[in-house]
Amino acid sequence: WRDRAASIGRSQEEYYAGIIAMLPPLAHYSGDAAFGSEGVVPVGPALTMHVLQSSDLAHTHGELQRFDVGPVGGVGVIRGVASPSDCDALIALARSTGMGAATVDSGIVDTAMRRSSSVSLPHWKSDPTAARVVKRLAALLRVPLDAVAAGVELHVVRYSVGEAYPAHHDASATTRRWVTLLLYLSDQDSHDTVGGHTVFGAQGGNTDADLRAVCVRALQQSDTSRGSATRPSNSGAPALPLWAVEGGDRIIGAAYAGERGGGLLWSNYLQGRDTQSGGGSRDDRARHSGCEVHGGEKWVLNVWVRLSLSFVRLAGLE
């Protein structure tokens, strides 16, 4: 990045910000959408994404409240990325590759920060199920498949009872992960999962303490809130499994309990129309937490798209 920026007479930060500003923002998607990007093929009517903005989460008493939650550009709630057999195949692939204690960004095992087991899948292209997930991600992002393939990382994580991942951000100066696809390979029906929500904070409340409070309330509310409408009942929109979490008399965050084969997609950076200034900077609202698992187990596939130079070139961003 530094050398490329210098070659065109810009600082690294300016070059980096310019690339991010050109990336497409998340948009609603249905399986019959065709964006015309080379290498991106519609994958069928089962694949959908609804991008929730702050006004989409309804107060549990039915009153719509506007508040900031999650990344500025919204969080995409996805269904139909993987079938149950796909999920089983990805779990089997992770097991055969070799699970180990999960590490933090520095590559160090830190159980105070991250308690789980995980494995990277660097040879994902040779696995048809993993390759199909990447293809579907490219369609959701409206970016050529070869570009996504050049920048993608796949990482399977398993959480047992008592394990969690406290508040963290997926992007750093070394990883440069543009987007995160968090695909749930398990849920309550398949693996007796209790807890294990993915949560974001509201109104700037995304410290570890803030997100722990969201986790506690999400678990308490999950029996009544899971599957309830996250949009006004008169909107005609389908219910989505991401709901507003209340604490006292206010909304303190949003929680996703997970649907097998579905998940969340969000940008880790301020980009394009998301901001009038600060484009290219990390979006601190993308800070999130994986809540403690209280029963069964939780399996997820993290798919990150890194802003590598190969990605930039193949995406036509230069």
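Colleague: How many helices and strands are there in the chain?

Modeller: Keep in mind that this is a predicted model. Going by it, the chain has 8 helices and 16 strands.

Colleague: And what share of the residues is buried?

Modeller: Buried here means under 20% relative accessible area. Of the 318 residues in the chain, the buried share comes to 53%.

Colleague: Which residue forms a salt bridge with Asp 86?

Modeller: The structure holds 7 salt bridges, and in this one the closest N and O atoms are 2.7 Å apart. Asp 86 sits in helix α3 and its partner in helix α4, so the pair ties together parts 46 residues apart in sequence.

Colleague: How many residues apart in sequence are the parts tied together by Arg 260 and Asp 88?

Modeller: Their side chains meet in a salt bridge, 2.3 Å from N to O. Arg 260 lies in the loop between β12 and β13 and Asp 88 in helix α3, so the pair ties together parts of the chain that are 172 residues apart.

Colleague: Is Glu 297 buried or exposed?

Modeller: Glu 297 has a salt bridge to Arg 158, at 2.7 Å from N to O. Glu 297 is in the loop between β15 and β16, and Arg 158 is in strand β6. Arg 158 is partly exposed at 24%. Glu 297 has a relative accessible area of 15%, so Glu 297 counts as buried.

How values were computed: Residues numbered from 1 in each chain as written. Predicted model: local features only at pLDDT ≥ 70, side-chain atom pairs only at ≥ 80, totals over all residues. Heavy atoms only, no water. Helix = DSSP H or I, 4+ residues; strand = E, 2+ residues; numbered from the N terminus. Buried < 20%, exposed > 50% of the residue type's maximum accessible area, 1.4 Å probe, protein only. Salt bridge = Lys/Arg side-chain N within 4 Å of Asp/Glu carboxyl O.
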